[in-house]
Amino acid sequence: RMAVRANHFAGARVLRDGGHFVLGGALLDPDGKMIGSMMLLDFDNEAQIEQWLAVEPYVQGRVWEKIDVKPFRQAEL
């Protein structure tokens with residue numbers, strides 16, 4: 001994780017600057033220990049997701065070996 005973390009964060013900044021990054025961070029257990037991580041991204045279609053995953057450092061570095069992609073619709077409040 002640490003070996004590719006800087007590149008992962010650089011990629012997240014590119015996503016942010018392109019309007020695709022909503023939020024992301026560590027998932028914690030009740031004791032505050034990291035048990036995973038997540039990103040909430042805004043892409044128009046699955047092809048864009050696949051293009052991003054193909055170059056994402058945490059995927060390429062095998063930090064993220066299980067990736068769960070779900071559609072999301074933000075509530076209008």
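**Aromatic cluster and its surroundings**

Modeller: Happy to! Tryptophan 64 is buried, with 13% relative accessible area (buried is under 20%, exposed over 50%, partly exposed in between, using a 1.4 Å probe and protein chains only). Keep in mind that this is a predicted model, where local features need pLDDT of at least 70, side-chain atom pairs count only at pLDDT 80 or more, and totals for chains, interfaces and linings use all residues. Residues are numbered from 1 along each chain as its sequence is written, and side-chain values use heavy atoms, with hydrogens and water left out.

Colleague: How many aromatic pairs does the structure hold?

Modeller: Three. Rings of Phe, Tyr and Trp (its six-membered ring) pair if their centres lie within 6.5 Å; planes under 30 degrees apart are stacked, over 60 edge-to-face, and the rest tilted. Phenylalanine 43 and tryptophan 52 make a tilted pair, 6.2 Å centre to centre with 35° between the planes. Tyrosine 58 and tryptophan 64 pair edge-to-face, at 5.3 Å and 80°.

Colleague: Which residues do the ring pairs link into a cluster?

Modeller: Phe43, Trp52, Tyr58 and Trp64.

Colleague: And is tyrosine 58 buried or exposed?

Modeller: Buried, at 2% relative accessibility. Phenylalanine 43 is buried as well, at 17%, and so is tryptophan 52, at 14%.

Colleague: Switching to α2, which of its residues are buried?

Modeller: Ile49, Trp52 and Leu53, in a helix that spans residues 46–55. Helices (H or I, at least four residues) and strands (E, at least two) are DSSP runs, numbered from the N terminus. Seen down the axis, the buried residues of α2 fall within an arc of 100°, so they line one face of the helix; the arc is that of the directions from the helix axis to the C-beta atoms. On the other side, Gln51 and Val55 are exposed.

Colleague: What covers the buried residues of α2?

Modeller: The cover includes α1 (2–17), β2 and α3 (57–60), with contact meaning heavy atoms within 4.5 Å.

Colleague: Since β2 came up, which way do β1 and β2 run?

Modeller: Antiparallel, with seven bridges joining β1 (residues 21–28) to β2 (residues 34–41); two strands pair if DSSP finds at least two bridges between them. One example is leucine 27, whose bridge partner in β2 is glycine 36.

Colleague: What about the turn of that hairpin?

Modeller: Five residues lie between β1 and β2, and glycine 32 in the turn has a positive phi of about 85°.
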